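This briefing concerns the chain interfaces of the structure shown below, together with notes on confidence and domain layout.

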Amino acid sequence: MTSRSTPIFGRLLRSLLATAALAAGGAQLVSIPAASAQNLTIESWRSDDADIWNGTIIPAFNAKYPNIKVVFKPTPPTEYNAALNARLAGGTAGDLITCRPFDASLELYKKGQLVAVDDIKGIENFSPVAKSAWQTDDGKTTFCMPMASVIHGFIYNEEIFKELGLTPPKTMAEFHQILDKIKADGRYTPIDMGTADQWEAATMGFQNIGPNYWHGEEGRKALIDGKAKFTDAPYVADLTELASWGPYMGNGYKAQKYSDSQNLFALGRAAIYPAGSWDIPIFRKQADFAFSAFPPPLPEGASKCYISDHTDIAMGINAKSPNVDAAKTFISWLASSEFADLYSNSLPGFFSLSNAKVEVKDPVAKTFLSWRDTCESTIRNSYQILSRGNPNLENELWNVSSQVINGTMTPEAGAKNLEDGLASWYAPHKQ
Amino acid sequence: MGGDVSLAEQTASERRRPWSHILVFLAPAALIYTVFSIYPLLDTIRYALYTQDEHGIAHFAGLANFIDLFSLPVWADQFRNALLNNLIFFVIHVTVQNIIGIALAAMLSLPKLFGRNIYRTLIFLPTMLSVVIIGFVWQLILSPLWGVSEGFLRAIGLPQLFAPWLGQESTALVTISLISVWQFVGIPMMLIYAALLNIPEDLVDAATVDGANHLHVFFYVKLPLILPTIGLVAILTFVGNFNAFDLIYAVKGTLAGPNFASDIMGTFFYRTFFGYQLQLGNPTMGAAVATMMFLIILVGVMIYLFGVQRRMQRYAL
Amino acid sequence: MTRPIARPRLGRIAVHGALLFYTLVAIGPILLILVNAFKSRRAIFNEPLALPTAKTFSLIGFDKVLAKSDFGLYFLNSLTVTIGSVALVLAAGSMAAWALTEYRFRGNALLGLYMAIGVMVPIRLGSVSILQLMVDLNLVNTLTALILVYTAQGLPLAIILLAEFIQQIPRDLRDAARCDGIGEYHIFWSVILPLLRPAVATVAVFTIVPIWNDLWFPLILAPGNGKQTITLGVQQFIGQYVIDWNAVIASLSLAIAPILVLYILFSRQLVRGLTAGAVK
């Protein structure tokens with residue numbers, strides 16, 4: 001929403017209302033622009049991390065820069081983008097914007113709502129791959145300072161595994177054997193995931209095991225070029241595997257939300273939790289049993305493993321912020337090795353994208369990280385370019401993945417649905 | 001001495017007085033109402049005739065948005081789905097909510113009912129609470145994880161009835177509708193209760209003298225007399241339902257899942273206007289959806305005003 | 001004197017049974033939340049229906065809520081917006097209702113109709129433009145924006161109710177004052193307004209409840225920076241701490257408590273207001 005045809009009307013009204021407000025002594029109800037120049041507000045979707053930001057990270061920043069006050073104001077993840085866009089349009093967004101990777105933030109930059117960060121000290125600490133998620137298509141301008149990536153896998157309850165005599169699976173066949181054993185035992189939920197919030201089905205389901213099927217970057221790039229289609233075998237196989245998970249999920253999983261899944265695992269009532277590495281801190285805090293992780297199992301006939309290692313989170317500056325200089329100072333600090341170390345260790349599961357050598361202390365986070373040595377990394381295939389149109393691929397994946405697990409859509413129909421949606425606006429997929 | 005002044009002098013004196021005071025009395029209300037209620041509505045309809053490009057500039061596009069809304073599958077399917085769901089939502093309210101409301105009001109208006117005030121106060125309580133509270137409370141109760149509803153069904157011997165109603169496409173909309181009914185039944189209850197209280201005792205007496213019992217009295221004397229109020233409740237329910245958003249947003253979020261099973265016009269409007277996750281908002285299409293909602297409500301109100309209300313006899317009480 | 005209908009005890013028992021059952025349905029869920037607000041996390045999970053015992057009693061939820069969010073501020077915001085809107089509605093509404101009822105002028109009927117259709121026209125549909133208007137007026141994220149919008153929302157019904165009420169004031173009273181040569185404004189101020197006091201309850205009820213519980217406009221117009229109303233505040237808090245059931249249930253209880261108290265204190269006025277104005 002930008003300037004429309006009623007500037008005069010607006011101005012006249014403004015003066016009228018201002019006069020009225022003053023006359024009525026209601027001046028305190030009309031907002032006065034913040035006079036303090038050194039207060040920064042961070043917009044973020046990481047509501048789970050609020051305590052760490054306010055208690056550990058921001059105090060560390062203030063130890064170096066005591067005159068800049070920073071407040072971490074998260075919005076629930078599913079509402080973040082919409083709320084942020086509304087706030088940016090209305091001019092009430094915070095000074096620092098946590099950036100989603102690729103298209104979502106590119107749109108903000110195109111609308112002039114983010115400041116380019118190429119000239120900020122510290123940007124040189126990041127590799128081209130790390131920066132690519134927050135650059136214009138030609139790679140010339142970076143508009144957010146990269147922070148961290150997240151890795152997908154499966155977190156499991158070590159005590160339950162020990163009790164039932166199970167070892168982490170390497171192949172899908174072994175995976176199903178384990179699931180059957182846990183289900184037969186009857187006391188614990190084999191797969192801890194719900195479909196009520198829809199996004200887990202896509203992110204911790206489809207994108208988690210998917211790279212093994214479509215061979216990581218190779219498959220992702222083929223999709224973008226139009227050489228691969230969603231109706232091809234790898235994607236149908238991925239959806240077929242997802243469709244088999246329903247019987248192993250908790251009673252009433254269709255109404256199980258993300259927080260329910262987290263609660264269920266933390267209370268020790270579930271065995272395996274399809275995870276993003278960002279879930280580690282929650283379980284660290286709330287679970288009183290030992291837990292570890294295994295990478296996505298290999299489908300039959302596959303020998304090379306791939307993991308979803310997604311450039312997930314960065315920080316940008318609101319172009320309309322009154323405190324751009326203070327914001328730049330903060331962003332620069334985010335590029336330092338001090339922050340890299342602090343972030344990776346106070347929020348294990350967020351792996352700093354910085355070139356700085358960081359020693360990750362949390363054992364489960366270390367496990368996730370170790371998979372980079374044996375498997376090839378790729379990012380989620382819906383974030384770059386393929387979610388620019390309507391219907392955007394990411395939302396479609398949510399819908400199709402949860403429906404496939406719920407059993408209300410067959411994997412083949414789901415794959416066709418995804419392909420048709422993409423083909424309706426994306427040229428390389430239009431035949 | 002008002003009575004001594006002749007009519008001619010009265011009107012003459014009115015004419016002599018400056019009529020500026022009428023303007024002063026009317027101005028504040030008319031101004032606020034026009035600027036913040038009527039103008040935005042008209043402006044939204046105007047904005048629906050534009051489209052926005054990727055840099056945020058609006059261009060005139062005539063009826064393009066409406067054509068897309070009805071023909072492009074990506075919009076038409078959601079629109080049709082939302083409209084249908086909204087109708088189901090409304091039907092459930094009109095039947096379940098109003099019938100329960102009438103029944104409760106009828107019982108509460110019985111003469112010499114012990115504890116009437118306490119019942120009334122307690123039953124009206126949910127209406128006073130915000131929809132966020134209601135939505136979350138019911139989610140907790142129906143949650144398969146917390147097990148309250150499951151335990152309850154088990155206690156009365158019907159454990160197999162339990163299902164994740166909020167998560168199934170077949171039951172999500174009905175469940176949310178019933179939660180909404182649970183919250184708002186107090187309003188028709190109060191309105192009809194007031195109407196019932198207004199029925200003169202003589203009419204009830206006349207009927208009972210003729211040997212009617214309470215049920216007869218209700219169906220043959222009271223019900224016909226409160227039909228206008230029931231009609232009013234129905235049209236208010238219609239306007240409210242086709243405007244509804246809060247409960248579904250609080251319980252299922254903007255996506256109104258599962259698979260848009262709980263999507264109604266209000267959530268469709270919000271999602272179109274503000275976008276969702278990686279899908280950017282489309283303010284001009286949102287304006288088009290709002291225009292359609294306005295037209296639908298207008299049609300409903302017109303039908304009520306000219307079709308229903310005119311036909312209802314208002315008994316002189 | 002009505003002749004009592006022979007009351008079979010069975011009929012009355014059935015009625016009380018039905019009413020009791022529905023009352024339980026109505027307040028049961030609310031009691032459930034209030035009871036669980038005082039339990040530890042494991043107790044909430046394992047025995048949701050049990051009352052807090054000495055072992056399971058815990059105030060940890062409330063501690064977290066009060067520490068992590070500005071409930072007092074949200075409550076104050078809601079109060080400010082509601083009282084501001086009601087005051088404005090009563091002031092502007094009574095003036096307009098008086099003008100429409102008392103004075104004959106061209107367009108009186110049309111103007112009356114114009115103001116009245118607002119009851120049927122849902123103001124939310126204009127949100128696209130309302131938001132743009134607030135942006136242009138620099139009023140986004142202010143309580144003023146909410147007050148203005150809610151006033152516009154509440155005026156039509158208020159004017160209808162007040163107009164009906166004013167019509168019942170005896171003509172002689174109004175004419176007598178005029179005969180004494182008192183100016184119009186003075187008549188309104190000292191004669192009419194005091195007589196409107198009974199109608200205030202009715203108008204207040206119909207205006208307050210939708211405003212206090214509204215989620216839509218706070219979400220769109222004033223979603224942040226300490227301007228949240230209590231409804232929005234609870235929604236955001238739940239969204240943020242949704243995994244923390246102690247905090248969530250405690251926050252719901254804190255949101256329920258003030259309404260509960262106010263409702264119990266004012267229930268009689270509330271019912272009188274609802275039933276008096278609704279009859280026509």
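The model is predicted. Between chain B and chain C, the buried area is about 8,800 Å². For chain C and chain A, the corresponding value is about 2,800 Å².

**Interface of chain B and chain C**

- The contact involves 91 residues of chain B and 92 residues of chain C.
- Carbon and sulfur atoms give 77% of the area of about 8,800 Å² that is buried between chain B and chain C.
- On the side of chain B, the residues that lose the most area to chain C are Phe25(B), Phe36(B) and Trp146(B), which together account for 10% of what that side buries.
- One salt bridge is found across the interface of chain B and chain C.
- A salt bridge joins the side chains of Asp246(B) and Arg124(C), with an N to O distance of 2.9 Å.
- Polar contacts between chain B and chain C amount to 16 residue pairs, counted where both residues have pLDDT 80 or more.
- Helix α2 of chain B (residues 20-47) gives the most to the side of chain B that touches chain C, namely 22 residues.
- By class, the side of chain B that touches chain C comprises 67 nonpolar, 16 polar and eight charged residues.

**Interface of chain C and chain A**

- Chain C contributes 30 residues to this contact and chain A contributes 31 residues.
- Of the area of about 2,800 Å² buried between chain C and chain A, 58% lies on carbon and sulfur atoms.
- The count of salt bridges between chain C and chain A is zero.
- Zero residue pairs in polar contact are found across the interface of chain C and chain A, where both residues must be at pLDDT 80 or more.
- At least two residues of the side of chain C that touches chain A come from each of α2 (41-46), α6 (127-136), α7 (143-167) and α12 (230-241) of chain C.
- Helix α6(C) supplies the largest share of that side, with six residues.
- The side of chain C that touches chain A divides into 15 nonpolar, 11 polar and four charged residues.

**Confidence in chain A**

- The average pLDDT of chain A is 87, and 91% of the residues score at least 70.
- Over residues 1-36 of chain A, pLDDT stays under 50, and the model has 43 contacts beyond four places in sequence for this stretch.

**Domains of chain C**

- Chain C is divided into domain 1, covering 8-59, and domain 2, covering 69-240.
- The centres of domain 1 and domain 2 of chain C, taken over C-alpha atoms, are separated by 37 Å.

Methods:
Residues numbered from 1 in each chain as written. Chains lettered and ligands numbered in written order. Heavy atoms only, no water. Contact = heavy atoms within 4.5 Å. Buried area = accessible area lost by both parts, 1.4 Å probe. Salt bridge = Lys/Arg side-chain N within 4 Å of Asp/Glu carboxyl O. Polar contact = N/O pair within 3.5 Å; in protein donor to acceptor, adjacent residues only side chain to side chain. Helix = DSSP H or I, 4+ residues; strand = E, 2+ residues; numbered from the N terminus. Nonpolar A, V, L, I, M, F, W, Y, C, P; charged D, E, K, R; others polar. pLDDT = per-residue confidence, 0-100. Domains from an automatic or database assignment.
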